[in-house]
Amino acid sequence: MPKGLEPRLVLATRNAGKLREFRELLRGQVPGLDVDTQVIDAATAGVPDVPETGVTFEENSLLKARAVAAATGLVAVADDSGLAVDVLGGAPGIFSARWSGAHGDDEKNLRLLLGQLSDIDEPHRGAAFVCAASVVSADTEHVERGELRGTLLTSPRGTGGFGYDPIFQPSGLSRSCAELSAPEKNEISHRGQALRALLPYIVSSLR
């Protein structure tokens, strides 16, 4: 890779959807950073999966960022996010990506959750998308949190996004997250909130 275009920041994920969202959120925000070539994911960096052994979103986010920063020597950003359903006491929470037992199987996770809520009527289908995002570098370690409240639909709508987006309708909107354009979703999403709050610390780490 040409000088000046070497990776400068690694996102501690193998989720293509998260990497895409993260690049768009960073685009034009960090002076001199080419997000398409200098922001890479953990797979590209050759970092193995980091076990999520924490019991909170914040703990898991930091675990991943610390491990990836140590393995690559680059500034590392991680997020741990999930869906917290009111009537399930905040579950699936940190287990959102593996709620059905198969990590990252969006269709199975979504289908299982809809089945669990099949007898719950609309006034009681409140939920929140939650994200804890962290940055770790040689001299920085910081975490921020974002939350998007909404209601769970009874069936999927839309083809965009990933995860539980097709059944999550943000408060005040009539569309699911999967029916929003990428800019619309990034503007209000839990991940967008957390990463925008984290941005000054990312910029400082890359200087």
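A contact here means heavy atoms within 4.5 Å. On that basis, 59% of the contacts in the chain with a separation of 6 or more come from residues 24 or more positions apart. The structure is a predicted model, in which local features need pLDDT of at least 70, side-chain atom pairs count only at pLDDT 80 or more, and totals for chains, interfaces and linings use all residues. Residues are numbered from 1 along each chain as its sequence is written, and side-chain values use heavy atoms, with hydrogens and water left out.

The chain contains seven helices and six strands, taken as DSSP runs numbered from the N terminus (helices H or I, at least four residues; strands E, at least two). Their order from the N terminus is β-α-α-β-α-α-β-α-β-β-β-α-α. The radius of gyration, taken over C-alpha atoms, is 17 Å, close to the 17 Å from the globule rule (2.2 Å times the number of residues to the power 0.38) for 207 residues, so the chain is as compact as a globular protein of that length. Of the 207 residues, 47% count as buried, where buried means under 20% relative accessible area, exposed over 50%, and partly exposed in between (1.4 Å probe, protein chains only).

Helix α4 covers residues 57–72; at 1.5 Å a residue its 16 residues should span 22 Å, and the end C-alpha atoms are 23 Å apart, which agrees. The expected span is 1.5 Å times one less than the number of residues. Buried residues of α4 include Phe57, Leu62, Ala65 and Val68. Their cover includes β1 (9–11), β3 (75–85), β4 and β5 (141–152). Just after α4, glycine 73 takes a positive phi of about 75 degrees.

Threonine 56 is partly exposed, at a relative accessible area of 28%. Leaving aside residues up to four places away in sequence, threonine 56 touches Asp80 and Ile94. A polar atom of its side chain lies 3.0 Å from the backbone nitrogen of glutamate 59.

A search of the whole structure finds one aromatic pair. Phenylalanine 129 and phenylalanine 168 form this pair, 4.4 Å centre to centre with 35 degrees between the planes, and it is tilted. Rings of Phe, Tyr and Trp (its six-membered ring) pair if their centres lie within 6.5 Å; planes under 30 degrees apart count as stacked, over 60 as edge-to-face and the rest as tilted. Phenylalanine 129 lies in β4 (residues 126–136) and phenylalanine 168 in β6 (residues 168–170), so the pair ties together parts 39 residues apart in sequence. Both phenylalanine 129 and phenylalanine 168 are buried.

How values were computed:
A polar contact is a pair of N or O atoms within 3.5 Å; within protein, one must be able to donate a hydrogen and the other to accept it, and residues adjacent in sequence count only if both atoms are side-chain atoms.
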